[in-house]
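Visitor: Could you show me how to read a model like this one, feature by feature?
Guide: Gladly; let us look at it together.

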Amino acid sequence: MTVNRRTGRRPGAADTRGEILAAARQVFAEKGFDKATIRGIAREAAVDPALVHHYFDTKEGLFVAAMQLPIDPAQVVPLVLEGPREEVGERLVRFILTVTSDAQAREPVLALLRSAMTNEQVVGMIREFITNALLYKVADGLGVSHLRMEAAFAQLIGVVLARYVLALEPLASADLEDLVELLAPTVQRYLAP
């Protein structure tokens, strides 16, 4: 007896995309970013893996959507790597400060960072995503060590936390361009070959 698998849209008025996101949040929380798979997330959502790829393209894209992050590695990595090598520090600083200057984009990032401070599963998931989907791709593209890339990132995360969580003045109210001018040379030094 042959059983034909039905393909295409699922019957009913289900929010398939929402169900995939809910399944992804659960699987990422349980397994972390590295060990979570599209196939496993699809199984949890009771959909075909092709449908997950249809909605989210990649595992990184799914993670960004599930965690409501304002950045997608598929867009960020080329943005940082394209352009003159001697301006990569400025591009990275400007990107991070511009993204975090928007309160709506900043809130999911700060919520994840706060959760990471008290939840080992969350910190592991965030660490895996940030290092493997973002930092190491940029570092490898620039030909610098992962340590140098992590140091540059740590510098910027520290500024974001001091600016928006601790609200240290005058950092909290400083003009974005003034901060880019101040921080870009330091970050550039980390990323020099």
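**A guided reading**

Visitor: Where is Pro 170 found?
Guide: Pro 170 is in the loop between helix H9 (146-164) and helix H10 (176-190); helices here are DSSP runs of H or I with at least four residues, numbered from the N terminus. A cis peptide bond, with omega about 15 degrees, joins Glu 169 to Pro 170. Ala 167 is found in that loop between H9 and H10 too, and its phi is positive, about 55 degrees, although it is not a glycine.

Visitor: What should I know about the model before going on?
Guide: This is a predicted model, where local features need pLDDT of at least 70, side-chain atom pairs count only at pLDDT 80 or more, and totals for chains, interfaces and linings use all residues. Residues are numbered from 1 along each chain as its sequence is written, and side-chain values use heavy atoms, leaving out hydrogens and water.

Visitor: Where is confidence lowest, and where is it highest?
Guide: pLDDT is the predictor's confidence in each residue, from 0 to 100. Where it is low, the predicted coordinates should not be read in detail. The chain averages 86, and 93% of the residues score at least 70. Confidence is lowest in helix H7 (residues 103-118), at a mean of 78, and highest in H10, at 97.

Visitor: Is Ala 46 buried or exposed?
Guide: Buried means under 20% relative accessible area, exposed over 50%, and partly exposed in between, with a 1.4 Å probe and protein chains only. Ala 46 has 57% relative accessibility, so it counts as exposed. It lies in the loop between helix H2 (38-45) and helix H3 (49-56), with a positive phi near 60 degrees. Ala 167, at 43%, counts as partly exposed.

Visitor: Which residues of H9 are buried?
Guide: Among them are Met 149, Ala 152, Leu 156 and Val 160. In general, an α-helix has 3.6 residues a turn, so residues three or four places apart point the same way. The cover over the buried residues of H9 includes helix H6 (88-101), H7, helix H8 (120-142) and H10.

Visitor: Which residues have the most contacts inside the largest nonpolar core?
Guide: Such a core is a set of buried Ala, Val, Leu, Ile, Met, Phe, Trp, Tyr and Cys residues joined through side-chain atoms within 4.5 Å. The largest has 62 residues, and Phe 28, Ile 41, Leu 62, Phe 129 and Leu 191 have the most contacts inside it. H8 gives the largest share of this core, 11 residues.

Notes: Helix = DSSP H or I, 4+ residues; strand = E, 2+ residues; numbered from the N terminus. Contact = heavy atoms within 4.5 Å.
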